[in-house]
Amino acid sequence: MKSYRFVTGAVVGVLTSATMMMAAQAAEYPAKSIELIVPYAAGGGTDLVARAYADAVNRHLPQSVGVVNKTGGGGAVGLSEIMAARPDGYKIGMGTVEITTLPNLGVARFTVADFTPIARLNAEPSAITVNASAPWKTIEEFLAYAKENPGKARIGNSGTGAIWHLAAEALASKTGLKFNHVPYDGANPAVTALLGNHIEAVSVSPAEVSSHVAAGTLRILAVMDDQRSKAFPDAPTLKEKGIDVTVATWRGIVVPKKTPENVVNTLRAASKKAVEEQGFRDQLNKMNLSYAYLDGPDYKVAMEKDAEMFKALMKQIGLAK
Amino acid sequence: MYELDMLLHGAQALFNQPMALLLALFGVTLGIIIGALPGLTATMGVAILLPFTFGMDPLSGLLMISGVFFGGIYGGSVTAILLKIPGTPAAAATAIDGFELTKKGQAGIALGTATFSSFLGGTASVFVLIFLAPVLARFALEFSASESFALAVFGLSIIASISGVSVIKGLIAGFLGLLLATVGLDPMAGFPRYTGGYTELFNVPFIPVMIGLFAAAEAFKSLEDPQVRAGMAAALDRIIPPWHVFRRQLGNIARSSGLGIVIGIIPGAGADIAAFVAYNEAKRFSKTPENYGKGELGAVAACESGANGCTGGALLTMLTLGIPGDAVTAVMLGALTLQGLQPGPLLFKDHADLVFTLFAGMLVCYVMMLVVGLGSLRFMGRILQMPKSVLTPTILALCIVGTYAINNSMFDIWIMLAAGVAGYFMQKWDFPASPVVLALIMGPMAEANFRRALSLSNGSYDFLYTRPITAALLTVAILTLMLPLLRRLWSSRSGGPTVNGPTVASSAAEGSK
């Protein structure tokens with residue numbers, strides 16, 4: 001009898017402590033290591049930002065953050081996985097501008113509303129860049145050429161429906177001009193074609209042409225940003241020239257929609273501390289990437305604004321399904 | 001001479017940095033292992049090591065990555081020759097004749113030839129990189145979409161020469177590969193084709209298909225008879241090929257290395273294409289082309305020197321112009337940028353000391369590859385002595401792990417297993433697997449670049465004959481396709497009706513065997 005009571009007591013005790021531990025676990029997030037899903041291949045821009053972030057945030061979280069690359073479908077595979085992850089904060093992801101463009105292409109099951117933004121880390125505007133041997137010294141001259149020769153100015157981009165294609169389309173729709181958009185398999189091959197004078201311009205980011213601009217082989221005519229680029233202060237913005245087009249790619253941390261409030265707050269606080277580290281900013285600088293931190297709520301506003309713009313644009317140019 | 005002087009200075013600087021040399025050795029060794037494992041390619045090895053270079057000094061980090069690059073390209077050949085399992089796409093070409101040599105009991109010499117050819121091709125390409133970089137870099141910019149299209153067509157024409165016994169079966173396999181290559185996102189318009197709603201199929205799962213067709217199919221085949229040992233146990237007696245045998249390959253290796261370097265320089269074309277093109281040209285220039293596909297040492301030498309010749313070529317455009325020649329150097333571009341070394345024309349001006357020390361280091365990497373390679377061959381050769389009941393499950397496990405590692409995707413594993421079953425039946429019915437692989441490499445390249453070229457020319461087909469490189473490559477492609485036919489005609493005519501000799505009909509039949 002006595003022993004029976006003892007067993008019961010022990011069982012109750014174990015159960016109680018187990019329940020308490022579980023409660024404690026929920027309160028003390030994170031209790032185990034966190035997976036950071038990157039929807040692009042190791043070694044690319046998004047991956048490098050993710051690894052620099054993981055490096056920095058590890059110092060501000062009791063558990064480690066590990067990077068996992070899930071590539072495919074121009075980002076759709078990885079982003080779908082982040083969306084569908086259990087919302088407990090142990091699988092977070094790099095949310096890129098493709099969150100706002102892929103749904104319109106009809107190749108993704110997610111929309112911008114399926115994610116809770118934690119922090120934007122980096123943003124790169126589009127820029128119109130030409131070969132240094134080209135006759136156009138200013139963006140006005142280039143646009144004048146495009147006006148006189150509709151469909152003749154070939155602008156290389158990183159793939160149909162990808163961000164730099166949409167940037168060139170946005171410029172075309174705002175100015176009423178007609179370009180010949182040539183998709184390449186990524187930004188680098190497009191830049192190579194421009195170097196060989198096989199196309200007239202590219203719409204990729206200043207970072208992706210910076211070494212050639214520094215070497216004097218390419219020339220940036222304008223950037224599609226609110227302010228001039230710090231690295232190339234001589235290149236005007238399109239806004240200055242009276243063309244209201246701003247298109248940028250961005251990368252940041254997102255979690256699935258239903259992630260609990262306390263987890264989101266913990267991640268936001270840790271991310272804020274991580275990006276304030278000089279080491280993180282130095283790392284971005286080294287890679288020619290611009291630091292563009294936004295806290296969760298502001299990031300959400302920026303994401304929704306882009307989602308609306310791309311939806312309208314892609315419908316207009318017939319890309320949206 | 002400026003370059004030679006700088007190189008000597010570089011070598012001096014290099015030998016004062018034992019840590020960098022140690023990391024280079026580590027990189028080479030790791031690269032060989034990664035290359036030998038199916039699914040793990042040089043690209044992936046470099047990408048995985050990239051974050052570790054963040055904290056290193058530029059020389060150590062870059063040498064380690066170069067080591068992985070070089071070792072990874074070479075390592076694929078070891079398992080290709082011993083087990084017909086190409087560790088990398090480039091080694092799919094090596095596997096054709098390499099495995100036949102193993103079956104003949106000449107695995108040792110095949111491996112030794114592969115190692116020496118890789119070393120010679122790679123070293124030659126690094127020397128070209130050092131001395132001719134500025135001259136050759138401009139050639140890369142001549143290459144536009146139309147030239148890439150023509151190169152891909154030329155690549156596809158090689159199917160005729162790697163088909164083995166039956167050209168018809170080779171062509172069937174090749175067209176099957178081309179059909180598979182149409183799956184995925186349309187290269188120009190970006191809409192999904194034949195994906196059945198799976199986002200995983202947006203890119204053709206090329207490496208899983210290759211692993212399935214070669215490695216898994218081979219494993220399935222050996223399941224038929226698990227008791228048998230590989231049967232070539234005693235074959236690995238001699239690794240270093242006798243001089244009188246190797247001497248005959250030197251011309252072949254020189255030509256293949258040259259081809260490899262040029263293909264490496266061309267943006268978007270890498271070691272896989274180089275290996276197949278080198279195979280084709282070695283066969284074209286060989287006195288005994290009929291031996292190709294049946295275990296010809298020249299084929300192994302050509303594929304390996306071609307693939308490794310690519311390394312220097314790809315690095316050349318990456319370093320001088322900042323444009324990567326293939327997937328590996330695209331990742332390396334990131335590594336250089338991270339170290340604050342902006343690749344491009346200014347790199348040689350601003351960081352000449354470091355660049356030439358790096359060049360010296362690359363040469364050392366190739367010597368290390370030779371030593372580590374030759375040293376490990378005997379150990380690797382023991383694979384042949386393993387009973388199949390142990391080897392087969394190991395291979396299948398490696399196939400699954402390697403496939404999963406590419407994209408962390410279970411989906412890819414199913415693709416690989418399906419390809420394995422298909423590959424098993426292809427083997428049974430004598431359909432060669434390498435044309436499928438070739439078509440999967442060249443098909444998307446041909447399609448995307450043809451349509452891009454049309455877009456660039458505003459819809460005019462003139463680029464097919466107005467651009468000299470395009471026209472030349474297309475002509476060579478047609479010749480390659482026609483060559484077997486012409487040979488047959490020629491042999492039937494020269495062996496024509498003679499007294500008591502074979503009749504026209506029988507000699508023609510002989511030619512088609």
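Predicted model: local features only at pLDDT ≥ 70, side-chain atom pairs only at ≥ 80, totals over all residues.
Tutor: Local features need pLDDT of at least 70 and side-chain atom pairs pLDDT 80 or more, while totals for interfaces use all residues. Residues are numbered from 1 along each chain as its sequence is written, and side-chain values leave out hydrogens and water.

Student: Why is this called buried area?

Tutor: Because buried area is the accessible area (1.4 Å probe) that two parts lose on being put together, summed over both. Of the part that domain 1 of chain A buries against domain 2 of chain A, Glu124(A), Asn288(A) and Leu313(A) supply 45%, more than any other three residues.

Student: What makes these two domains?

Tutor: The bounds come from an automatic or database domain assignment, which gives domain 1 (33-124 + 249-316) and domain 2 (127-223) in chain A. Their centres, taken over C-alpha atoms, are 28 Å apart. The contact (heavy atoms within 4.5 Å) takes 11 residues from domain 1 and 10 residues from domain 2 of chain A.

Student: Which helix gives the most to the side of domain 1 of chain A that touches domain 2 of chain A?

Tutor: H11(A), with four residues.

Note on methods
Chains lettered and ligands numbered in written order. Helix = DSSP H or I, 4+ residues; strand = E, 2+ residues; numbered from the N terminus.
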